[in-house]
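This report covers strand pairing, helix packing, nonpolar cores and selected residues of one protein model. The structure is shown first.

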Amino acid sequence: YRNADHIALSVGDVVVVETAPGYDVGVVSVVGELARIQVKKKAPGFKPMETRKILKIATQKEIDSWIKARSFEQETMNQTRVMALTLGLEMKISDVEYQADLTKATFYYTAEGRVDFRQLIKDLADEFKIRIEMRQIGARQEASRLGGIGSCGRELCCSTWLTDFRSVSTSAARYQQLSLNPQKLAGQCGKLKCCLNFELDMYLDAFKAFPKGDLKLRTEKGNAVHIKTDVFKKEMWYAYDGDGGGLVSLKPDRVREIIRMNKDGKKPHD
């Protein structure tokens, strides 16, 4: 929001902002130079003059109206879920946001396909006597809005600091040699965890120091196949073909040496 009237603001101030229609109330999270840097990072094509304005510091009456609006949200969401089920709509209402002036409510929902909710909007308008807006969000955005605790024991990244949801593929788990268990790799949104991408670049850089594991090592004892690579200990583990014995640990330099010998038609003893 644009502070066009140059009101003295600081983080934590409760302010009234313009909306269409009416007004809304919110808490200032970022001001000044930090706000400019964040906007430049998140929205490079941002046009300040097209942004809605901050109207004033909120009065106690407006704050009370805002608190009252927030108190309606949970009950409204429960009623809306019942209405959607009654109409047989395949959608999940995950969150409701009331505008502070009680003239409009935004309903956030997730759905697999397209949903015809025209009748639902009519029923909601008749029931709550407000303007209705339906907004479809993805599974990751839903988890971000609802929040929760991840398997790491910390608050979800998406609801605390993560703002851009990049696609996560199973290859990220393969590079990090994680077990491809969907229950362990999936976050609370049901999609692959965003944190699988956090250390991926480090692993990709580290693997450049290792020879490719798709080559068999030919020795006088037999052929050995690559089983796994320990990035941190800088070791590659091999096992002889058809041998029920244990794994053999080799340093990358030794693996390269054996590959060079094999190319020259030579085989090491072991």
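Which residues of helix α8 (residues 200-207) are buried? They are L200, Y203 and A206, where buried means under 20% relative accessible area, exposed over 50% and partly exposed in between (1.4 Å probe, protein chains only). Because these residues cover an arc of only 125° around the axis, they sit on the same side of α8; the arc is that of the directions from the helix axis to the C-beta atoms. An α-helix has 3.6 residues a turn, so residues three or four places apart point the same way. The cover over the buried residues of α8 includes α6 (170-175), with contact meaning heavy atoms within 4.5 Å.

The model is predicted: local features need pLDDT of at least 70 and side-chain atom pairs count only at pLDDT 80 or more, while totals for chains, interfaces and linings use all residues. Residues are numbered from 1 along each chain as its sequence is written, and side-chain values use heavy atoms, with hydrogens and water left out. Helices (H or I, at least four residues) and strands (E, at least two) are DSSP runs numbered from the N terminus.

Strands β1 (residues 14-18) and β2 (residues 23-27) run antiparallel and are joined by five bridges; two strands pair if DSSP finds at least two bridges between them. V17 is opposite D24 in β2. Four residues lie between the strands of this hairpin, and G22 takes a positive phi near 80°.

T19 is in the loop between β1 and β2. It counts as buried because its relative accessible area is 18%.

Apart from neighbours within four places in sequence, T19 is in contact with D24, R52 and Q99.

**Sheet and helices**

An open sheet of three strands has the order β4-β5-β6 and mixed pairing. Its edge strands, β4 (92-98) and β6 (131-136), each pair on one side only. From one strand to the next the twist averages 25°; axes are lines fitted to C-alpha atoms, for helices over the stretch in contact, and angles run from 0 to 180 degrees between N-to-C directions. Six bridges pair β4 with β5 (residues 104-110) in the antiparallel sense, and E97 stands opposite T106 in β5.

Helix α3 (residues 118-128) packs on the sheet and touches β4, β5 and β6, its direction making about 140° with that of β6. Helix α4 (residues 139-146) lies across β4 and β5, at about 50° to β4.

**Nonpolar cores**

A nonpolar core is a set of buried Ala, Val, Leu, Ile, Met, Phe, Trp, Tyr and Cys residues joined through side-chain atoms within 4.5 Å. The largest has 21 residues, and M91, I93, F107, L120, L124 and M134 have the most contacts inside it. Two or more residues each come from α2 (60-86), β4, β5, α3 and β6, with α2 giving the largest share, four residues. Not counting residues up to four places away in sequence, M91 touches A84, Y109, T110, A111, V115, L120 and M134. A second, separate core has ten residues, including L217, M236, Y240 and I258.
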